[in-house]
Amino acid sequence: MELEKTALEKVDGLSRQLYKNWLAVKKAKAVWDFRALQKAESAYATELDELAELWSEGQSQLAREVRADSDFVGSDAWRIEVEDALKAQGIPLQGSFPQYEFPPFKLTLAVDCQEAKLGLGRKLERTTALRPSALAAWVFARYQAVAGKRFDAALFMKDLLQAYKFANKMAYREEDVIWGRAVGLDVIYELLTVKQSARQEYPKPLFVYNLGRLKEQFDLTHDGYRLELGFARNQSRALLVVDSQGRESRLSSLTVYKVAET
């Protein structure tokens, strides 16, 4: 037994048929097919009247459904569905409602504003699509654009090494690099992003995220040098680095040792 269609289902069907008849009107008009034009125009007018009559009922149904969905957003059940949808996408979610972190991103569910905000440093994106599956897909696309990108450890170590040379000479006030001496990771980042435009393109959370990726590498040698990330004694100056397994480290320094002549 076929179930009775709801008002919105009827509106949907009529709307699609109305569009098809409008295309028929335009097609007949374009080729001066007056007989076909009269037929299509008559059908279009009839269905337009039917749609106008049905819309009052459809609008009431739409309002009820939207109100129910709106009331659901922000509830404990909605929060659980959002978290489950994000985790199902493979996003390493940390934190709790309404703010979550999964390096290098921060996600804020601003229910009062009916939006979700995804931050990467100073870059902030917003979406007003709050259905859990749609929201998770939106977040995943942006997370995957970073996490799914191949990590070039050699290139990153090359950049760190160049910045270390400047930072080392600045810190120890020598004309030549004193190998085996630690310099602050915060100074390294400052040197990598001297220009304001560079800092916008390479926000600090992304730098920290790359440190987490580098930390997982078995061999931290590059071009005759060995790099060592130092654990912080002063926690206030440390960078919280999270690797792909969710393991946390608080790092504050980079030390480079010269192990071979270049």
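Colleague: How many bridges pair β8 with strand β10, and in which sense?
Modeller: Strand β10 covers residues 248–258, and β8 pairs with β10 over seven bridges in the antiparallel sense. Do keep in mind that this is a predicted model.

Colleague: Thanks. Which residue of β10 is the bridge partner of Arg 226?
Modeller: That is Tyr 257 in β10.

Colleague: And what joins β7 to β8?
Modeller: Two bridges do, and the strands run antiparallel, with β7 at residues 221–222 and β8 at residues 225–231. His 222 has Tyr 225 in β8 as its bridge partner.

Colleague: What do β7 and β8 form, and how many residues lie between them?
Modeller: They form a hairpin with two residues between them. In the turn, Asp 223 has a positive phi of about 55°.

Colleague: Let me pick a residue. Where is Thr 255, and is it buried or exposed?
Modeller: Thr 255 sits in strand β10. Its relative accessible area is 6%, and because the cut-off for buried is under 20%, Thr 255 counts as buried.

Colleague: What is Thr 255 in contact with?
Modeller: Setting aside neighbours within four places in sequence, Thr 255 is in contact with Tyr 164, Gly 180, Arg 181, Ala 182, Arg 226, Leu 227 and Glu 228.

Colleague: Glu 228 is on that list. Which strand holds Glu 228?
Modeller: Glu 228 is in strand β8. Not counting residues up to four places away in sequence, Glu 228 touches Ser 253, Leu 254, Thr 255 and Tyr 257.

Colleague: How far apart are Glu 228 and Val 187?
Modeller: In sequence they are 41 residues apart, and in space they are 16 Å apart, C-alpha to C-alpha.

Colleague: Let's change topic. What is the strand order in the open sheet of five strands?
Modeller: The order is β1-β2-β3-β4-β5, with antiparallel pairing.

Colleague: Which strands stand at the edges?
Modeller: β1 (94–96) and β5 (123–127) do. Each has a single partner strand, so one side of each is left without a neighbour in the sheet. On average, neighbouring strands of this sheet are turned by 15° against each other, direction ignored.

Colleague: How many bridges join β2 to β3?
Modeller: Four bridges join these antiparallel strands. Gln 99 has Thr 108 in β3 as its bridge partner, while Tyr 100 has Leu 107. β2 and β3 form a hairpin with two residues between them.

Colleague: And how many bridges pair β3 with β4?
Modeller: Five, in the antiparallel sense, with β4 at residues 115–120. Thr 108 turns up again here, with Lys 117 in β4 as its bridge partner. β3 and β4 form a hairpin too, with four residues between them. Gln 114 in that turn has a positive phi of about 55°.

Colleague: Now the pockets. How much space lies in the largest pocket?
Modeller: About 510 Å³. The lining has 16 residues, and those nearest the centre of the pocket are Lys 149, Phe 156, Tyr 202, Leu 206 and Asn 210.

Colleague: Which elements give two or more residues to that lining?
Modeller: They are α4 (132–147), α5 (153–172) and α8 (204–215). The largest share comes from α8, with four residues.

Colleague: How do the lining residues of the largest pocket divide by class?
Modeller: Nine are nonpolar, one is polar and six are charged.

Colleague: What volume does the second largest pocket have?
Modeller: About 380 Å³. The second largest pocket is lined by 19 residues, and Glu 101, Lys 106, Pro 205, Val 208 and Leu 240 lie nearest its centre.

Colleague: Which elements each supply at least two residues of the lining there?
Modeller: β2 (99–102), β3 (105–110), α8 and β9 (239–242). By class, the lining of the second largest pocket has 12 nonpolar, three polar and four charged residues.

Colleague: Great, thanks for the tour!

Note on methods. Residues are numbered from 1 along each chain as its sequence is written. This is a predicted model: local features need pLDDT of at least 70, side-chain atom pairs count only at pLDDT 80 or more; totals for chains, interfaces and linings use all residues. Side-chain values use heavy atoms; hydrogens and water are left out. On a 1 Å grid over the protein atoms alone, a cavity is a set of points where a 1.4 Å probe fits but cannot get out, and a pocket is an open set with protein on both sides within 12 Å along at least five of seven lines; lining residues have an atom within 4 Å of a point. Grid points are joined across faces, edges and corners, and a volume is the space filled by probe spheres set on the points. Ala, Val, Leu, Ile, Met, Phe, Trp, Tyr, Cys and Pro count as nonpolar, Asp, Glu, Lys and Arg as charged, and the others, Gly among them, as polar. Two strands pair if DSSP finds at least two bridges between them. Axes are lines fitted to C-alpha atoms, for helices over the stretch in contact, and angles run from 0 to 180 degrees between N-to-C directions. Buried means under 20% relative accessible area, exposed over 50%, partly exposed in between (1.4 Å probe, protein chains only). Contact means heavy atoms within 4.5 Å.
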